Amino acid sequence: MANIFKKWFDNLLKSIFKKKKDVKLGLYGPPNAGKTTLANRISLDWLGEEVGSVSNIAHETREIQIKEQITIKSGRKELTFNLVDTPGIATRIDYEDFLKAGLSKKEAKKRAKEATKGVIDAIKWLDNMDAVVVVLDSTKDPFSQVNLTIIGNLQARNIPVLIVANKIDLKKSNLKRVVDAFPQYNVIGISAKDGVNIDKFYEELFKLLD
Amino acid sequence: MPHQCVRCGKIYEDNSKNILTGCECGSRLFFYVKKSKLKKAEEFNENLTEEEKVQIEKDIYDLIGKEIESEDKPVILDFESIAVKKPGKYELDLVQLFKGEPVVIKLQEGKYFIDLKSSLGSYSKKDFKQH
């Protein structure tokens, strides 16, 4: 009897503590993998509003964007977190790439500078995260220095990770290649743009943050 | 370790007074250069136009944060974490950045390091709420 009471009391304490805590869920990954598209999808689904703008030109998100107190539901379960969308992490940022995308020289150089600061900020914010969703583009080679560095560092910091292989709606997508690249991780294929497999993604979020 | 002025490219030895007071050209921004990379640093500076050097200096101040500029103290940049090849061309060493290796080394009555967390201001809960 005492044991049952203790268990009930512990659970009660746990739930009170959990509700008070600001759980921060970070979206990390290389540029143009679809982090903001996924953030918008989550925020639209549960709050009815978007987080930020998306673009075909890389480094569209150059500042940390936050949506606070998103509550997602699955059956009788509920999960509340603050969603942190981060700028894409890159090893090389060159304004000439933005010129090719149609920006003026002045705009391109400004974008390059802001994107560089964005990388520093994204890395700094990592210590604030309770869990991270690494968003990868499933049409691209997963074995990039950026991907391996991000995932390796999350592991070293003991931050729970869910890997999302995005853009599975595209012909060039290769989900198996991403799954095989990170066998020790939970990898889920989605299309953030079209909402493909998004319910499965929410289920995985419960496992990640529980 | 030698230090190179970002604006004019002049190289100063570690014990030079100019590192504390600023370069003869008036700039207070220096690159910290390892001896093994000294030649590369000299070549890098020679290949830039005056306009490009001024722009790089301005861009770096934007990157490291305005509060550092306003203090009017010499700032020394570690060449290892972020390399500015030309205005608008950056190379980032992610391994160093994730390690939290210093991006900026600032001099103020001697030397001290500013790591990633403090160089751009640490993110307290208050900052988090402001976003």
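The model is predicted, so local features need pLDDT of at least 70 and side-chain atom pairs count only at pLDDT 80 or more, while totals for chains, interfaces and linings use all residues. Residues are numbered from 1 along each chain as its sequence is written, and chains are lettered from A and ligands numbered from 1 in the order in which they are written. Helices (H or I, at least four residues) and strands (E, at least two) are DSSP runs, numbered from the N terminus.

**Helix H2 of chain A**

- Helix H2(A) covers residues 35-46, and its 12 residues reach 17 Å from first C-alpha to last, close to the expected 16 Å (1.5 Å times one less than the number of residues).
- H2(A) is mostly covered, with 9 of its 12 residues buried (20 or more other C-beta atoms within 10 Å of a residue's own, with C-beta atoms placed from the backbone).
- Among the buried residues are A:Lys35, A:Leu38, A:Arg41 and A:Ile42.
- The partners that these buried residues pack against include strand E1 (24-28) and helix H7 (198-209) of chain A (contact: C-beta atoms, placed from the backbone, within 7 Å).
- Just after H2(A), A:Gly48 takes a positive phi of about 80°.

**A sheet with strands from chains A and B**

- Strands of a sheet pair through backbone hydrogen bonds, either parallel or antiparallel.
- Here, an open sheet of 3 strands has the order E4(A)-E6(B)-E5(B), with antiparallel pairing (at least two DSSP bridges between two strands).
- Its edge strands, each pairing on one side only, are E4 (92-94) of chain A and E5 (82-86) of chain B.
- E4(A) is joined to E6 (residues 89-92) of chain B by 3 bridges, and A:Asp94 has B:Lys89 as its bridge partner in E6(B).

Technical notes. Contact = placed C-beta atoms within 7 Å.
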